[in-house]
Amino acid sequence: MIDIKSEKRNTLTLVLFAVYLLALVWLILFKLQFSIAVMDEGRVVNLIPLLGSFDDNGVIRFSEIRNNILAFIPLGIYIWMLKAPWPFAKKVLATVVLTLAFEITQFIFAIGRADITDVLSNTLGGVIGIGIYALLFKLMKGKTNKVLNILAAVLTALVILFVVLLLVNHRWVRIK
């Protein structure tokens, strides 16, 4: 027998995941712009961890690493929600593959640095998300997906509202 509530919940999870992926594309590839920024440096690959994380004064920018981790925590949660039967290693591998896809895309189109630090911090964020889901599942059991879908729907609505406000306040969008 088909559980209609469960099917609707899975559909909602897929829609929220798609919106999240679009947000990641906008964040990582478009750098929160409305067109792809032209990069002066061309194609850059950094294979030394943390090397690309220093500012002009030689101080490491931990905020960039932290933001990468935070941006990918939802990925780990969504992977678990959508692919619960997968073993832990396969869930982590999915995170690594998506992260590499973003870095390779940045390199191919010369729209950012392909950086191993990003791969590591994004993967760490995904692993933290997987861990958060596992912890929440121990606490909430069968209600975990429902609670997370509600939370994700609210946060997604707030982000969309924020983007709409950015668009309305952007100089090339005028509402009469």
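## Overall layout

The model is predicted. The protein chain holds five helices and two strands. Read from the N terminus, the order of elements is α-β-α-α-β-α-α. Of its 176 residues, 31% count as buried. The chain exposes about 11500 Å², and carbon and sulfur atoms supply 71% of that area. Take the contacts between residues at least 6 apart in sequence: 71% of them join residues at least 24 apart.

## The core and helix α2

The largest nonpolar core has 25 residues. Y20, L24, F72 and Y78 have the most contacts inside this core. The elements that contribute two or more residues to the core are α1 (4-28), α2, α3 (88-108), α4 (116-140) and α5 (144-169). Helix α2 gives the most, with eleven residues. In soluble globular proteins, nonpolar side chains tend to be buried together.

Helix α2 spans residues 62-82, a run of 21 residues. From first C-alpha to last, α2 reaches 31 Å, close to the 30 Å expected at 1.5 Å a residue. The helix bends by about 25° at F72. A proline, P74, follows within four residues of that bend.

What does F72 touch, beyond residues up to four places away in sequence? The list is Y20, L24, I28, T99, F102, N122, G125 and G126.

I69 counts as buried because its relative accessibility is 17%, and the cut-off for buried is under 20%. Neighbours within four places in sequence aside, I69 is in contact with S121, L124, G125 and I128. G125 is also on the contact list of F72.

## Helix α3 and its two faces

Helix α3 has 21 residues. Its reach from first C-alpha to last is 30 Å, close to the 30 Å expected at 1.5 Å a residue. The buried residues of α3 are K91, V92, T95, T99, F102, E103 and Q106. They cover an arc of only 110° around the axis, so they sit on the same side of α3. An α-helix has 3.6 residues a turn, so residues three or four places apart point the same way. On the face of α3 turned away from the buried side are the exposed residues A89 and L93.

T123 is found in helix α4. With 14% relative accessibility, T123 counts as buried. Its contacts, leaving aside neighbours within four places in sequence, are V92, T95, V96, T99 and D118. Of these, V92, T95 and T99 are listed among the buried residues of α3.

T117 is placed in helix α4 too. At 5% relative accessibility, T117 counts as buried. Setting aside neighbours within four places in sequence, T117 is in contact with I48, P49, L50, L51, S53 and I65.

## Loops and positive phi

Most residues other than glycine have a negative phi, and most peptide bonds are trans. Which residue takes a positive phi just after α3? A110 does, at about 50°, although A110 is not a glycine. A110 sits in the loop between α3 and β2 (113-115). At 18% relative accessibility, A110 counts as buried.

K141 has a positive phi of about 55° and is likewise not a glycine. The place of K141 is the loop between α4 and α5.

A84 lies in the loop between α2 and α3. Is A84 buried or partly exposed? At 41% relative accessibility, A84 counts as partly exposed. Residues up to four places away in sequence aside, A84 touches I79 and K91. K91 is one of the buried residues of α3.

The table gives two residue pairs with their separations.

| Pair | Apart in sequence | C-alpha to C-alpha |
|---|---|---|
| I69 and G129 | 60 residues | 9.5 Å |
| A84 and A134 | 50 residues | 10.0 Å |

Methods. Residues numbered from 1 in each chain as written. Predicted model: local features only at pLDDT ≥ 70, side-chain atom pairs only at ≥ 80, totals over all residues. Heavy atoms only, no water. Expected span 1.5 Å × (residues − 1). Bend = angle between axes of the 7 residues up to and from the residue. Core = buried A, V, L, I, M, F, W, Y, C linked by side-chain atoms within 4.5 Å. Buried < 20%, exposed > 50% of the residue type's maximum accessible area, 1.4 Å probe, protein only. Contact = heavy atoms within 4.5 Å. Arc of directions from axis to C-beta. Areas by Shrake-Rupley, 256 points an atom, 1.4 Å probe, with all protein chains shown as cover.
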